[in-house]
Amino acid sequence: MNKHKYLFRAVILAALVAVVFRTFIFASYIVDGESMEPTLYDGNLLMVNKVSYEWTEIHRQDVIVFHYNEKDDYVKRVIGLPGDEIAVKDDELYVNDERLEETYLDKLRPEDGEVFTSSFTLEGITGIPTVPPGKLFVLGDNRRHSLDSRSFGFIDSASVVGKVSIRYWPMSQVGVTFQ
């Protein structure tokens, strides 16, 4: 009888720990669409760390999930932080007039002679020369097929759910690094 009592307690404790982790620390998301390929694919299951930004700042090139509206959440890559100037010239990303390496795009860039990321300036698409305080500029990795800040503008930092920490499905694509 004692063994059953300890087993029951262990199961209850494990369930409580799982509920706390799921409710307060991590959230599970399913990637819907192709906007983050080749980093994340349609149908990938993700664990999003909801508390990481309580202790650290959001960094450029972090892959985040944010509330796009009351119904939809999006996953994108942070490109611009408050105060940043952003431009793409000749298919190269510049932040504050410095070229930013985007090696995560190498697998997707087709060698078809077409531009992968069309040229733009932040001021040209938003009317504002720098990312405003409390805002972020985000892009999908699949630049030809992504609904991102080039279309909908800046996002509020407060809308960020968290940082994508783990891709756990499918098993053949398990990963923890998205740069």
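Trainee: Where does E37 lie?
Mentor: This is a predicted model, in which local features need pLDDT of at least 70, side-chain atom pairs count only at pLDDT 80 or more, and totals for chains, interfaces and linings use all residues. Residues are numbered from 1 along each chain as its sequence is written, and side-chain values use heavy atoms, with hydrogens and water left out. Helices (H or I, at least four residues) and strands (E, at least two) are DSSP runs numbered from the N terminus. On that numbering, E37 lies in the loop between β1 and β2.

Trainee: Does E37 count as buried or exposed?
Mentor: Buried means under 20% relative accessible area, exposed over 50%, and partly exposed in between, with a 1.4 Å probe and protein chains only. E37 has 17% relative accessibility, so the class is buried.

Trainee: Which residues does E37 touch, not counting those up to four places away in sequence?
Mentor: Contact means heavy atoms within 4.5 Å. By that rule, E37 touches D42, L108, D141 and N142.

Trainee: How do F137 and F154 pair, and what is the angle between the planes?
Mentor: Rings of Phe, Tyr and Trp (its six-membered ring) pair if their centres lie within 6.5 Å; planes under 30 degrees apart count as stacked, over 60 as edge-to-face and the rest as tilted. F137 and F154 are both buried. Their pair is edge-to-face, with 6.3 Å centre to centre and an angle of 65 degrees.

Trainee: Why does the pair of F137 and F154 tie together separate parts of the sequence?
Mentor: F137 is in strand β9, whereas F154 is in the loop between α4 (149-152) and β10 (155-156), so the pair ties together parts whose separation in sequence is 17 residues.
F137 also contacts, among others, I79, I86, L122 and V131.
The separation that the pair spans is 17 residues.

Trainee: In β6, which residues form the uncovered face?
Mentor: The covered face of β6 has L93 and V95. L93 is also the bridge partner of V88. The uncovered face has E92 and Y94.

Trainee: The charged end of which residue sits over the ring of Y94?
Mentor: A charge sits over a ring if NZ of Lys or CZ of Arg is within 6 Å of the ring centre and within 35 degrees of the ring normal. For Y94, the charged end is 5.2 Å from the ring centre and belongs to K89.

Trainee: Over how many bridges do β5 and β6 pair?
Mentor: Two strands pair if DSSP finds at least two bridges between them. In the hairpin of β5 and β6, two residues stand between the strands, and D90 takes a positive phi near 50 degrees. The strands run in the antiparallel sense, and their bridges number four.
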